[in-house]
Amino acid sequence: DADIDLRSKLLAWKTLYCPEAIGWHIRGGSTKKHSFKWRFLNYRNRYLMMIKNDSFINIILDLPQLFLYEAGMFFSMLIQFQLIPVIFSVLILYPKFLRKRRQLQRRRKISNWELRKYFD
C-alpha cells in the first residue's frame, strides 16, 4: 500500500522487492472497485495520506502536477456525487491526521528533499 511505503521511506527503512509475495485483502479491497464506498474511500484516503505523510513544502512544489491530476478527479467526483462527502470527511478527519503527522515527524529520518527523490 502507498501509505505504508511512504511511511517506511520517511523512517529510512530498507525495502526489498519480492515478486513471489502475495497480498490478500481481508475485506475484499481489490474486488469492490466499482462500489460507491470504494471510490469514496479511495479519493478520501489519497488526501489524508498526503496530509499525514508529505511535507507542506513538497505539496506546494507539486501543485502543478497535482492540479492537472486533481482536475480530472474533481469532475469524476462531481459526476459521481462524491465530492461533497469527501471534502466533509477530510475536514472532519483533518485534526486526527495532523496529530498522526506530528507523531511521524518526530521519528522521521529523511529530509523533504530526500523524500522528493523517490517521486522524481
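1. At 30% relative accessibility, Arg-7 counts as partly exposed (buried is under 20% relative accessible area, exposed over 50%, partly exposed in between, with a 1.4 Å probe and protein chains only). Arg-7 forms a salt bridge with Asp-3, with 3.0 Å between the closest N and O atoms (a side-chain nitrogen of Lys or Arg within 4 Å of a carboxyl oxygen of Asp or Glu). The two residues are four apart in helix 1, so about one helical turn separates them.

2. This is a predicted model, in which local features need pLDDT of at least 70 and side-chain atom pairs count only at pLDDT 80 or more, while totals for chains, interfaces and linings use all residues. Residues are numbered from 1 along each chain as its sequence is written, and side-chain values use heavy atoms, without hydrogens and water.

3. Asp-3 is buried, at 19% relative accessibility. A second salt bridge joins Asp-3 to Lys-52 (2.9 Å, N to O). This pair links distant parts of the chain, with Lys-52 in helix 2 and Asp-3 in helix 1, 49 residues apart. Lys-52 is buried, at 8%.

4. Lys-9 and Asp-5 also form a salt bridge, at 2.9 Å between the closest N and O atoms. Both lie in helix 1, four residues apart. Salt bridges that share partners join Asp-3, Arg-7 and Lys-52 into one network.

5. Helix 5 (residues 83-107) has a kink of about 50 degrees at Tyr-94, shortly before Pro-95 (the angle between axes fitted to the seven residues ending there and the seven starting there). Its buried residues include Leu-93 and Phe-97.
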